[in-house]
Amino acid sequence: MTTTRRKIVVLYGSQTGQAETIANGIHEDAVYNNYDSNVFCLKEEGKEFVITDVTCVIFVCSTTGDGDPPENARKFIRSINRKSLSETHLSKLNYALLGLGDTNYSTFCGGPKKLEKALKQRGAKSFFKTAYADDGTDLEDTVEPWIEGLWPALDVYFSSLGTMPNNVMVRNVQSCETVNHTRTEVNDVKADMENLALSKDKIPTIPKDDPSTSSLLSNMTSVDSSQSLLNSFETEIPSNEMLNMSSAPFPGSEELATITLSPLSKQWIGMRFVDAERISLQSQDFKYQNGHSFPLATSETILTKLVEAKQLTRDDAVKIAMEITLKTEDQFPYQPGDSISVCCENPKEEVDWLISRLSLNDVADNAAEFFVLPNSSKKATNPCPYVPRIFTIRYAFTYCIEIRSVPKKMLLRSLAEYTTDQSEIRRLQELSSKQGGHEYVALIREKNVCILDLLAAFKTCSPSFELLVQHLPRLMPRRYSLINSPLVSKNHLSFAFNVVKFEKDIGRMYARDGICTGFLHNLGNASSNTTNQNISQLPSIKVFRTKSTGFCLPTDTSPPLVMIGPGTGVAPFIGFLRHLEALSAQTTDRWLFYGCRHKDRDYLYKDELESYLNKGILSRLLVAFSRDPTSSESPKYVQDNLKLHSLDIANLLFQKRAIFYVCGDARNMAKDVRQCIIEIITKERNCSDKEAVDLFKQVLDEKRYREDIWA
């Protein structure tokens, strides 16, 4: 055999950045394993690579919209779909494909499936089984085992060609570390309120001119447990099962006495302090996230003023619903149904606690910069393009890093290396191991545990700032549907939302609001408590317009409309109706199916909706209340009302060719409504389930069933 380095190319199509992150991780592992590897976006074909010159490719492709490929992959797919190309155009290409999708949407992994179909039609051959990861459950359930199996598959493929790499260190199961432990003492690991504590007077001072980032950790002292996490978090902590060792084996496996650990990811981000005065944390001093582009942005980030915040629900409602109105300095072009993304920030008290927990108080406001560590496979000169070149630790944690994200197994694996207590090391290793997958899902992922919970529970764990930056994702803006019409509100943007709340739970060490909804709720409360404010004194919020998903009114307003949106899902339909009223649009069939828990507590926009019905803007308004005491025949959910009017729905769908709009929760409501429509088709068209699904797909293809849903 020859000893030529094995050459691979990793190509990705990514809409929100997840596929790109996974592709870069595969590339880094490939370089670590001594492969001759390059990573490119599919849109760079013809510039950075030529697909017909490549023989071994790993594709990572996501899905957007209703089964469409991401925008940066569409040109590539069109190019290899050209009818002028022969069936052997890509016969030299051998590939492995990892697809990303979400089963909460009607077409699962449509993007990668279209990519693979095009590849096969041009003669490309798969050397490893294609996998489709589901973001509706958890991508890692599929991604991790697929990547784990990729390296042996590559080894088999290249061995068949008679080539062998130099000093290969393929990351497969056999090369992973196996750890044996007894269970004595470990079962006694518990977390109490002191786990959340730290003493500021024990935080060491780090010399400002010390450029060494690798030595920062060694300068830190152990955190003293004499204070609670924060005054606002002072409350009884529930039993912390996250720290308890397993007492029973998982089905089909032995008790976790022996675990297999994945290799440590190589740290490649370094940080050094620069000669500059301490920087005061004022967001206006920095361009938000360094001006780095967002995947779905269609406008520049603009500064708005919060001019009104009102609560839409009664205080005794199960969820608090708010409406926020922002004022723009200039006109902000949009259409009813469009969305904006709100640039949020992490809660100050959590950032302060995290800085103290990492013993970084003395340097949190010092000027710093990132750099790529020597001998890293990374080629970028800026390791974190969404963090300003000169930044502060406090700014990065506040505006750039998603400190509330659920830690991935690789981070747990790395945290074990920064922990001194053997019981805690063992538990982190368990949770990050292959054998501990069930407990990771139950105790970390399903509980929405974040790095603050981990550092509060594992009190001898002291990771570096750089490690967290490398493993935690970018803080992403949150998207909200507008409830305005540009014909009515040219300089105002309004949207509605529920304030997301997470109560204390196993592993979740303190109650918290959602990052963005809590941010908006707090700003709204602050602004509503202040009267006679000059607009310059009003809270500022950065926003940008996001790419339209086609969830908009037709140019011709004559087609019938069926709008289905329980809870805050009614928000874009308020914009639709305001726009139709402003247009003085002719009366036609316009149905709105709405649902909430209680008529008197959380019926959003009740008076406005009823006024549209009285004016003829709406022809039918059908509302269901799921928690009010009613007869057994009364509809509780929007699906119940749809079934009660099944003949009308079928006529609207097929005879009148209405456009259906569904807005709201993807995990339950959207799936249930979709299934309900298919059942109505089966009943009213007197056809089989398969025929009904095919008819529904035709409606989807005609773009007459449009969804604006969220997980």
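Reader: Are F397 and F465 buried or exposed?
Author: F397 is buried in this predicted model, and F465 is buried as well. The word applies to residues under 20% relative accessible area.

Reader: How many aromatic pairs does the structure hold, and what makes the pair of Y157 and F158 edge-to-face?
Author: The structure holds 29 aromatic pairs. In the pair of Y157 and F158 the ring centres are 4.9 Å apart and the planes stand at 70°. Y157 and F158 are both buried.

Reader: Why is the pair of F397 and F465 put in the edge-to-face class too?
Author: Its centres are 5.1 Å apart, and the planes make an angle of 85°. The angle is over 60 degrees, so the class is edge-to-face.

Reader: What makes this pair a tie between parts apart in sequence?
Author: F397 belongs to helix 6 (residues 393–400) and F465 to helix 11 (residues 465–471), so the pair joins parts 68 residues apart in sequence.

Reader: Which residues do ring pairs link into a cluster?
Author: The cluster consists of Y35, F127, W151, Y157 and F158.

Reader: Why is helix 1 called roughly parallel to helix 4?
Author: Helix 1 (residues 18–32) packs against helix 4 (residues 140–160) at an angle of about 30°, and the axes are 12 Å apart. Angles under 35 degrees count as roughly parallel, so the term applies to helix 1 and helix 4. The crossing of these two helices is right-handed.

Reader: Which residues make the contact of helix 1 with helix 4, and how do they divide by class?
Author: Helix 1 contributes I22, I26, D29 and A30, which meet V143, W146, I147, L150 and W151 of helix 4. The division is 8 nonpolar, no polar and 1 charged. Asp counts as charged, so D29 is the charged residue in that list.

Reader: How do you know that W146 is buried?
Author: W146 has a relative accessible area of 5%, and the cut-off for buried is under 20%, so W146 is buried. This residue sits in helix 4.

Reader: Which residues does W146 contact, leaving aside its neighbours within four places in sequence?
Author: They are I26, I58, A96, L97, L98, F128, K129, T130 and A131. In the case of A131, which is 15 residues away along the chain, the C-alpha atoms are separated by 6.9 Å.

Reader: Why is helix 7 called roughly antiparallel to helix 8?
Author: The axes of helix 7 (residues 409–416) and helix 8 (residues 422–432) cross at roughly 160° and come within 8 Å. Angles over 145 degrees count as roughly antiparallel, so helix 7 and helix 8 get that label. Helix 7 passes helix 8 in a crossing that is left-handed.

Reader: What makes up the contact of helix 7 with helix 8?
Author: K409, L412, R413, L415 and A416 come from helix 7, and I425, L428, Q429, L431 and S432 from helix 8. By class there are 6 nonpolar, 2 polar and 2 charged residues. Lys and Arg count as charged, so K409 and R413 are the charged residues here.

Reader: At what angle do helix 17 and helix 18 cross?
Author: Helix 17 (residues 666–684) and helix 18 (residues 689–701) cross at roughly 115°, with axes that come within 8 Å. The crossing is right-handed. Helix 17 supplies R674, I677, I678, I681 and T682, and helix 18 supplies D689, A692, V693, L695 and F696. These residues divide into 7 nonpolar, 1 polar and 2 charged.

Reader: What makes the backbone of C109 worth a remark, and is C109 buried or exposed?
Author: C109 is not a glycine, yet it has a positive phi of about 55°. It lies in the loop between strand 4 (94–101) and helix 3 (110–121). Its relative accessibility is 0%, which is under 20%, so C109 counts as buried.

Terms used. Residues are numbered from 1 along each chain as its sequence is written. This is a predicted model: local features need pLDDT of at least 70, side-chain atom pairs count only at pLDDT 80 or more; totals for chains, interfaces and linings use all residues. Side-chain values use heavy atoms; hydrogens and water are left out. Axes are lines fitted to C-alpha atoms, for helices over the stretch in contact, and angles run from 0 to 180 degrees between N-to-C directions. Helices (H or I, at least four residues) and strands (E, at least two) are DSSP runs, numbered from the N terminus. Angles under 35 degrees count as roughly parallel, over 145 as roughly antiparallel, 65 to 115 as roughly perpendicular and the rest as oblique. A crossing is left-handed if the near helix is turned anticlockwise from the far one by less than a right angle, and right-handed if clockwise. Contact means heavy atoms within 4.5 Å. Rings of Phe, Tyr and Trp (its six-membered ring) pair if their centres lie within 6.5 Å; planes under 30 degrees apart count as stacked, over 60 as edge-to-face and the rest as tilted. Buried means under 20% relative accessible area, exposed over 50%, partly exposed in between (1.4 Å probe, protein chains only).
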